[in-house]
Amino acid sequence: MNLPDTTFRTPVTLMSGFLGSGKTTLLNNLLRQTHDRTLAVIVNEFGEVSIDGALLRSREDGVELFDVSGGLLAYGGDDDAFRCTLRALLARRHAFDHVLIETSGLAAPTAVMVALQSPDFAEAFTLDATLVVVDTPLLLEGAFDPDGPAQVAGAELRRSAAQVFDAQLEFADVAILNKIGGLSDAQLLQAEADVRHRAPRVRFLELAHDARLDTQLTLGLNLHGARRAAHHAPVSGAPGDLSGPLHDHTGLDGHSHGDLDAHVHSLSTHQHFHEHDPGWQSFRLTGAGAQDPQALATAVRNVARVFPVLRVKGFVTDAAGQQHALQAVRSRVDLTPAPARADAPNELVFIGYHVSRKKVTEALGRAMPGRWE
Ligand SMILES: Nc1nc2c(ncn2[C@@H]2O[C@H](COP(=O)(O)OP(=O)(O)OP(=O)(O)O)[C@@H](O)[C@H]2O)c(=O)[nH]1
């Protein structure tokens with residue numbers, strides 16, 4: 001008779017990264033490579049509605065999605081939505097090979113790491129690795145420097161963004177430099193030096209071209225202690241020798257290094273980043289009638305230039321009935337065709353720092369013929 005394996009602990013990969021750094025895009029690309037795995041994916045968004053869930057939901061079989069929107073993962077104590085979701089997973093954990101958690105762009109991974117170590121979950125789950133996705137062009141522009149160049153954003157916003165960014169990096173095992181298309185080797189070296197300077201305990205640095213990374217470099221790393229290895233093969237053959245380079249894309253010096261011991265994170269010796277700066281706010285606006293996506297993209301770009309709005313995402317339908325995903329990271333706006341969602345409203349979620357919903361609504365109202373409110 002086959003008894004259930006009670007010693008196996010399900011690996012959990014945590015993915016964090018500042019607002020708009022590319023977490024969902026990277027996750028989507030990872031999911032496309034993991035057909036041999038059954039994955040549970042927990043997505044947490046800062047806003048009251050989940051846009052990422054809809055972006056991920058187009059995924060194929062073998063993935064079960066748990067959407068935890070509104071708030072920050074694991075910050076709410078024993079009964080928060082994250083722990084409830086993890087308890088639900090616990091009951092069925094043998095149905096999954098791996099758990100992936102995308103935290104909100106304003107959360108540090110520490111709260112989830114602490115929750116995973118709690119007696120409720122420590123026997124069932126093991127942290128595989130904490131990844132942090134970095135918006136490399138923004139890093140190079142100084143967007144995460146507390147005293148960086150003056151932008152639309154004020155000094156307080158810059159300080160708070162830098163604090164969140166550093167808290168995410170501090171506990172990362174793997175930093176993923178994303179959005180690197182068009183950057184020179186010198187810029188990549190600069191970004192690498194910045195990350196190493198800010199977070200000396202990061203173990204590995206990886207370059208993601210268009211938010212793509214091999215699963216070998218992201219899943220099955222087992223960086224936080226032993227677990228029974230034979231239960232499942234590592235995802236797509238994870239590296240056996242972690243003291244060697246994980247990846248060497250370009251010959252740039254130091255995209256990995258082997259001094260693992262120096263990087264073992266001890267949560268108990270670090271201050272947890274539990275305090276959420278209440279200056280960060282989000283709100284959702286809906287628009288009536290068919291939309292002109294290009295005009296809306298221009299309006300959103302102008303809003304992000306004038307107001308302290310760092311992230312906008314949502315869906316709109318044009319006059320021909322085609323749905324579009326609109327995504328803005330600061331004033332860079334992307335429009336992409338989106339799968340139709342029945343009876344879906346035109347909706348945009350705005351995330352900003354001390355941002356006035358009223359002023360943003362008025363600005364959109366002036367720019368767009370239909371009502372946004
Ligand atoms: N050019 C470029 N754009 C990218 C890349 N990765 C992501 N993006 C774009 O950046 C925007 C934000 O990407 P997401 O994957 O939604 O970022 P996120 O980190 O999940 O965002 P939040 O969950 O809101 O914090 C989207 O418009 C993506 O298409 C990349 O490597 N290159």
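I took helices (H or I, at least four residues) and strands (E, at least two) as DSSP runs, numbered from the N terminus. On that basis I placed methionine 113 in helix α4, residues 110-117. The model is predicted, so I required pLDDT of at least 70 for local features and counted side-chain atom pairs only at pLDDT 80 or more, while totals for chains, interfaces and linings use all residues. Residues are numbered from 1 along each chain as its sequence is written.

**Entry 1. Methionine 113**

I next looked up burial, calling a residue buried if 20 or more other C-beta atoms lie within 10 Å of its own, exposed if 12 or fewer, and partly exposed in between, with C-beta atoms placed from the backbone. Methionine 113 counts as buried because it has 20 C-beta neighbours inside 10 Å.

**Entry 2. The shell around the ligand**

I treated a residue as near a molecule or strand if its C-beta atom, placed from the backbone, lies within 6 Å of it. Which of the 20 residues around the ligand come nearest? I found Gly22, Thr24, Thr25, Gly105 and Gln327.

Helix α1 gives the most, with three residues.

By class, the shell holds three nonpolar, ten polar and seven charged residues. Here Ala, Val, Leu, Ile, Met, Phe, Trp, Tyr, Cys and Pro count as nonpolar, Asp, Glu, Lys and Arg as charged, and the others, Gly among them, as polar. Domain 1 (10-269) and domain 2 (280-367) each contribute at least three residues to the shell; these bounds come from an automatic or database domain assignment.

I located serine 21 in the loop between β1 (10-17) and α1. Serine 21 counts as buried because 27 C-beta neighbours lie inside 10 Å. Valine 132 is 111 residues away from serine 21 in sequence, yet the C-alpha to C-alpha distance is 9.1 Å.

**Entry 3. Aspartate 97**

I found aspartate 97 in the loop between α3 (81-91) and β4 (98-102). Is aspartate 97 buried or exposed? It is buried, since 20 other C-beta atoms lie within 10 Å. I recorded 17 Å between the C-alpha atoms of aspartate 97 and valine 43, which are 54 residues apart along the chain.

**Entry 4. Two residues with positive phi**

Lysine 179 is not a glycine, yet its phi is positive, near 60°. I placed lysine 179 in the loop between β6 (174-178) and α7, and it counts as buried because of its 23 C-beta neighbours inside 10 Å.

Alanine 211, also a residue other than glycine, has a positive phi near 60°. Alanine 211 sits in the loop between β7 (204-207) and β8 (280-287). With 20 C-beta neighbours inside 10 Å, alanine 211 counts as buried.

**Entry 5. Helix α7**

Helix α7 (residues 185-198) has 14 residues and reaches 20 Å from its first C-alpha to its last, close to the 20 Å expected at 1.5 Å a residue. I computed the expected span as 1.5 Å times one less than the number of residues. Leu188, Ala191 and Val195 are the buried residues of α7. Seen down the axis, they fall within an arc of 60°, so they line one face of the helix; the arc is that of the directions from the helix axis to the C-beta atoms. On the other side of α7, I found Ala186, Ala193 and His197 exposed. An α-helix has 3.6 residues a turn, so residues three or four places apart point the same way.

An unreviewed UniProt entry places the feature "domain: CobW C-terminal" at residues 280-368. Such positions are given in the numbering used here, feature names are shortened, and annotations may be inferred rather than shown by experiment. I found this span to be 28% helix and 44% strand, with its end C-alpha atoms 26 Å apart.

For helix α8 (residues 293-306), the 14 residues should span 20 Å at 1.5 Å a residue, and the end C-alpha atoms are 20 Å apart, which agrees. Pro293, Leu296, Val300, Val303 and Ala304 are buried in α8. They cover an arc of only 95° around the axis, which puts them on the same side of α8. Gln294, Ala295 and Arg305 are exposed on the other side of α8.

**Entry 6. Threonine 336**

I placed threonine 336 in strand β11, residues 332-338. Threonine 336 counts as exposed because it has 11 C-beta neighbours inside 10 Å. Alanine 325 is eleven residues from threonine 336 along the chain, and their C-alpha atoms are separated by 5.2 Å.
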